Amino acid sequence: MPDETAHTETLTPGLRHLRYMSDTPVDADEVRHVAELARVDLDEDEVEEFAAQFADILEYFDALDEVPEVDREDELVNVMRADEVREGLTQEEALSNAAETEDGFFKGPRVS
Amino acid sequence: MSLNAFITKETVESDDDGPLSGKSIAVKDNISTEGLRTTCGSEMLEDYVPPYDATVVERLKDAGATIVGKANMDEFGMGTTTETSAYGPTKNPVDESRVPGGSSGGSAAAVAAGEADLALGTDTGGSIRCPAAFCGVVGIKPTYGLVSRYGLVAYANSLEQIGPIAPSVEEAAALLDVIAGPDERDATTREEGEDSNFAAAADGDVEGLTIGVPTELVDGADEGVKAAFWDALDELEAQGAEYHEVSMPSTEKAVAAYYVIAMSEASSNLARFDGVRYGKSGGYEGNWNDAFARAREEGFGSEVKRRILLGTYALSAGYHDKYYAKAQDARAWVKQDFDAAFEDADVLASPTMPVPPFELGESLDDPLQMYLADANTVPVNLANLPAISVPAGETDGLPVGLQLIGPKFGEETIVRAASAVEN
């Protein structure tokens, strides 16, 4: 993809960012953006710390640019099993670690 | 003072008789134990009690083992020192001012200190071999697919295997015999581990064994580590083995490739921790994304957040080809280099760790420096190969580990070679 190409990336409902591929080092906004994609809240100190560390680490990852094209000789096969009902966790067991349950269901936050 | 080798100390006796009767075993805390808290070293899972056993735990119980507790570890296996645990660092029993290595530091420390006869660890990029080397015990990272991962809380599933840590090569091999073999609940397991007798291979016979030494994995090592390493090779030579140097240029890209792949897989695997079905709840305020992001802020420590974010970044549109696709190329390249090296060698040897154990706290501020310490162990995971770390002398009173790498399903060969190092 050429550097000039922009594309739209949908994040959470109602939020859109225009993103450009570039080699510019990570800044705080970029860290916040990725944290949002990953659903991890960060405090401001963490954002600053991560921005500095990510710059170092990503610069190190740039060494991968020198990796030659390699023929991958994977001998991979799909492993399938019959689609049959088998014993699993009971409903009680499956719910046993949930913070809250209701009428035999997991209780989650609002989907909106 | 306690070494803090265990997160949860609880004894689970077995009613069965078998090869592990009378043996006490520490189980790394990312391996599910029915009814016994399994935290992965994370606050996220502080109260998580699995409703089922991992396959390897079932096999331990069937073999008559007594589980003595859940061993401390870097949070979700992400670390080289056991200092990223939310339950405090484990101390190295050899020198309590030093780290035990990681991420299976609690497992190795428990065995080295005699708090357990044996232990299970997991190895994604060196997490069994590193702490085995730093604590002066034996650890085996099996061939990918030899041991079932069912019930292992996933960090980077294309790289990780469960494996044994023990005081001697023969005991480690015997524990591997118990846990190896196919499992219908893990489709990546293979038939090769069925009815294994790796323990019998610990006969110390290296007459005619050919050892390749990848120069890239030795040159950068600490001088004292290098001296111990060459002494061990000379000792093997005296017992009838021969060695030669080989070059594996791909290994210089292995750390970058490993971290891109491991972080990418981690960002996907750890997406399940949203605080709804298990783990720390983010409450019910705001919409679900707010609640999930809050649960993950509170539940995860810095190193875990760092890896999830970097993995998310490496997989995001516009960067996928630059990082993830190139890392997969590097992985294939590393495999080819190993294949070529094994054309002229039965096993490959290197120092397990290029450095002696760090001082506690020494490496926490600089994640990249910590990643670089994994240079000799990560190529093995990228190539899905088996490797063992066996004690090979010391430097300044601190243990040095010798790593012996085998071809795919060559566990017997590395066990045999490592047992000669103990002679």
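Student: Where is B:Ser103 found in chain B?

Tutor: B:Ser103 is found in the loop between β3 (66-71) and α2 (105-112) of chain B; helices (H or I, at least four residues) and strands (E, at least two) are DSSP runs, numbered from the N terminus. This is a predicted model, in which local features need pLDDT of at least 70, side-chain atom pairs count only at pLDDT 80 or more, and totals for chains, interfaces and linings use all residues. Residues are numbered from 1 along each chain as its sequence is written, while chains are lettered from A and ligands numbered from 1 in the order in which they are written.

Student: Why is B:Ser103 called buried?

Tutor: A residue is buried if 20 or more other C-beta atoms, placed from the backbone, lie within 10 Å of its own, exposed if 12 or fewer, and partly exposed in between. B:Ser103 has 35 other C-beta atoms within 10 Å and is therefore buried.

Student: What makes B:Ser127 count as buried?

Tutor: B:Ser127 has 36 C-beta neighbours inside 10 Å, so B:Ser127 is buried too. B:Ser127 is found in the loop between β4 (118-123) and α3 (129-135) of chain B.

Student: Why are α4(B) and α12(B) called roughly antiparallel?

Tutor: The axes of helix α4 (residues 169-179) and helix α12 (residues 411-421) of chain B cross at roughly 160°. Angles under 35 degrees count as roughly parallel, over 145 as roughly antiparallel, 65 to 115 as roughly perpendicular and the rest as oblique. The two helices, α4(B) and α12(B), are therefore roughly antiparallel to each other.

Notes
Axes are lines fitted to C-alpha atoms, for helices over the stretch in contact, and angles run from 0 to 180 degrees between N-to-C directions.
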